[in-house]
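Here are a few exercises on rings, strands and cores, each with a worked solution. Grab your viewer and try each task before reading on.

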Amino acid sequence: MAPTDLRIADPVEGEDIVSGRFAFAGELLLSEGRPVFSCEMPSAGFERILSGFGWLRHLRTQRDIGANEFARAAVLSFLRRHRAITGPTWTTETVATRLNAWLCHSTVILKGADAAFYRRFIDALIRHAQLLRRRYRGMARDELKLQVAMTLAMASISLDLSDRQKREATLRLDDELTRQILPDGGHISRCPDALLRLLLGLLPLRQTYINLEQPLPKRLLASIDRAYAALNFFRHSDGELALFNGSGRVPSTALSALLRYDEIGSAGFKALPHTGFQRLEAGGTVLIADAGKPLSAHLSKTAHAGAAAFELSSGKNRFVVNAGIPARASEAARMARSTAAHSAVTIDDHSSIRFSRSDFLGPVAFGGIRHVEVERNEDERGHDRLVIRHDGYLSRFGIYCERNLALSPDGRALAGIERFRRAHDALPLSRDGHAATLRFHLHPAIWTMQEDADTIFMTAPDNESWLFAAPGFSPRLEDDVFFAASSGAKPSQQIVITAEIAEYPEIAWQFKRLD
């Protein structure tokens with residue numbers, strides 16, 4: 001049984017692949033008629049993508065037998081070249097991706113195949129599943145472990161393995177869904193992208209169980225429904241996902257295609273208290289704020305120091321964003337995890353979470369935020385009010401940070417106050433000399449102009465315009481970079497306010513939509 005791959009297939013890319021042209025992660029390989037895995041790879045990252053075989057989905061768009069022959073030749077080339085289970089092609093993530101791709105696109109691979117290839121292919125699928133089962137036991141609890149559990153469940157029913165293996169796969173999946181999909185629907189990684197990736201695997205899995213009349217894992221349907229609701233929570237007014245904790249750009253078309261399979265029409269929540277996010281929404285204006293912290297030391301390896309950061313969208317436009325994450329690992333990726341890359345406050349340009357640079361430990365959090373407090377209410381004027389406090393700078397500077405946000409009932413005004421306090425609400429002492437820097441990163445599509453010393457004008461491509469004002473704090477425009485653009489890193493601008501905490505223990509600002 002071949003499961004369905006819900007990801008978008010591109011016929012143009014399919015034509016390129018059949019002609020021997022592979023373009024992944026900004027790199028290019030031309031096979032020129034040679035077996036593709038006998039070619040020299042541009043990089044280890046490129047090789048991982050190529051050997052994951054996710055590109056097989058594009059061959060579904062090619063109707064001639066040549067595409068099937070090309071797919072079989074690629075599989076044979078891989079099996080001959082990579083018999084030893086070593087190197088980048090045999091990382092757990094790549095093995096799981098490859099097994100899932102081979103299952104989903106087995107019709108493309110096997111159409112026109114002879115019996116000898118069929119037996120070899122099935123044997124390879126079974127060996128991949130065995131390898132994943134062995135590795136699963138020692139894996140840390142994160143998104144990859146859940147992806148492996150999903151892949152093994154899919155393999156158990158698609159390959160019609162023994163009843164014992166099917167039961168084990170079902171129990172394994174139920175256990176991971178219980179531990180990783182939180183009661184509010186968020187994933188333990190706190191990354192909005194993770195929900196999309198998981199749903200792309202869970203939906204075909206559900207349908208395959210139904211098609212084969214197999215008993216569904218107990219947690220599967222409830223996990224899908226909750227994950228859909230959380231995914232809607234992270235959607236901006238333009239339909240795209242917020243950029244928190246490693247999220248990159250997800251085209252709204254791809255997201256909309258996935259949401260078509262939301263059978264109960266999951267409504268977005270106002271808060272994800274278990275995941276640690278809050279949402280304000282009124283009059284077409286949407287604000288999504290990070291009100292949490294990493295849920296474990298292991299998960300902090302991919303976390304960002306974005307406590308109290310928010311993104312703001314209105315109509316079809318995103319105005320305030322976080323910087324996102326570069327497409328490839330680099331020093332810029334480390335910078336993108338810092339508080340300065342988020343629309344939040346830094347003190348003396350330090351991050352609210354400190355990350356290890358140890359090769360042994362990996363980039364885990366080892367200092368900074370321990371507690372985050374959240375208050376949510378409505379004031380006497382009907383403003384939706386959110387207060388986020390965190391202790392990310394307490395151990396280093398002895399200072400608590402508090403962000404107050406209030407969205408008007410018509411969505412036309414967002415008022416904010418940044419407060420800095422000692423323990424027990426004491427004001428910072430004058431001798432401290434610490435400086436707070438408040439940043440609002442703007443989407444690259446937003447055009448800006450400094451109206452006067454305290455006011456900045458912003459306008460979107462459809463002419464929707466907002467004013468930012470911070471009387472007495474001289475906000476300024478500075479050059480910035482936005483990593484989550486479809487074409488890669490793109491120049492943008494940011495609004496910056498700098499103030500001495502001892503002199504200004506509160507910083508008040510406002511965004512206001514113009515008529």
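This is a predicted model: local features need pLDDT of at least 70, side-chain atom pairs count only at pLDDT 80 or more; totals for chains, interfaces and linings use all residues.

**Exercise 1. How many aromatic pairs does the structure hold, and what kind is the pair of Phe22 and Trp55?**

The structure holds 28 aromatic pairs. Here rings of Phe, Tyr and Trp (its six-membered ring) pair if their centres lie within 6.5 Å; planes under 30 degrees apart count as stacked, over 60 as edge-to-face and the rest as tilted. For Phe22 and Trp55, the centres are 5.4 Å apart and the planes stand at 80°, so call this pair edge-to-face. Helices (H or I, at least four residues) and strands (E, at least two) are DSSP runs, numbered from the N terminus. Both Phe22 and Trp55 are buried, meaning under 20% relative accessible area with a 1.4 Å probe, protein chains only.

Residues are numbered from 1 along each chain as its sequence is written, and side-chain values use heavy atoms, with hydrogens and water left out.

**Exercise 2. Classify the pair of Tyr393 and Phe397.**

Start with the ring centres, 6.2 Å apart, then take the planes, at 25°: the pair is therefore stacked. Tyr393 and Phe397 are both buried.

**Exercise 3. In what order do the eight strands of the open sheet run, and which stand at the edges?**

Reading across, the order is E11-E12-E13-E14-E21-E18-E17-E16, with antiparallel pairing. Two strands pair if DSSP finds at least two bridges between them. Strand E11 (372-378) and strand E16 (447-452) each have a single partner strand, so one side of each lacks a neighbour in the sheet. Now zoom in: E11 pairs with strand E12 (residues 384-393) over seven bridges, in the antiparallel sense. Arg376 has Leu386 in E12 as its bridge partner.

**Exercise 4. Which residues have the most contacts inside the largest nonpolar core?**

Such a core is a set of buried Ala, Val, Leu, Ile, Met, Phe, Trp, Tyr and Cys residues joined through side-chain atoms within 4.5 Å. The largest one has 81 residues, and Phe22, Leu50, Phe53, Trp55, Trp102 and Leu231 have the most contacts inside it. Helix H8 (residues 143-158) gives the most to this core, with nine residues. Apart from this core lies another, of 41 residues, including Ile388 and Phe440.

Conventions:
Buried means under 20% relative accessible area, exposed over 50%, partly exposed in between (1.4 Å probe, protein chains only).
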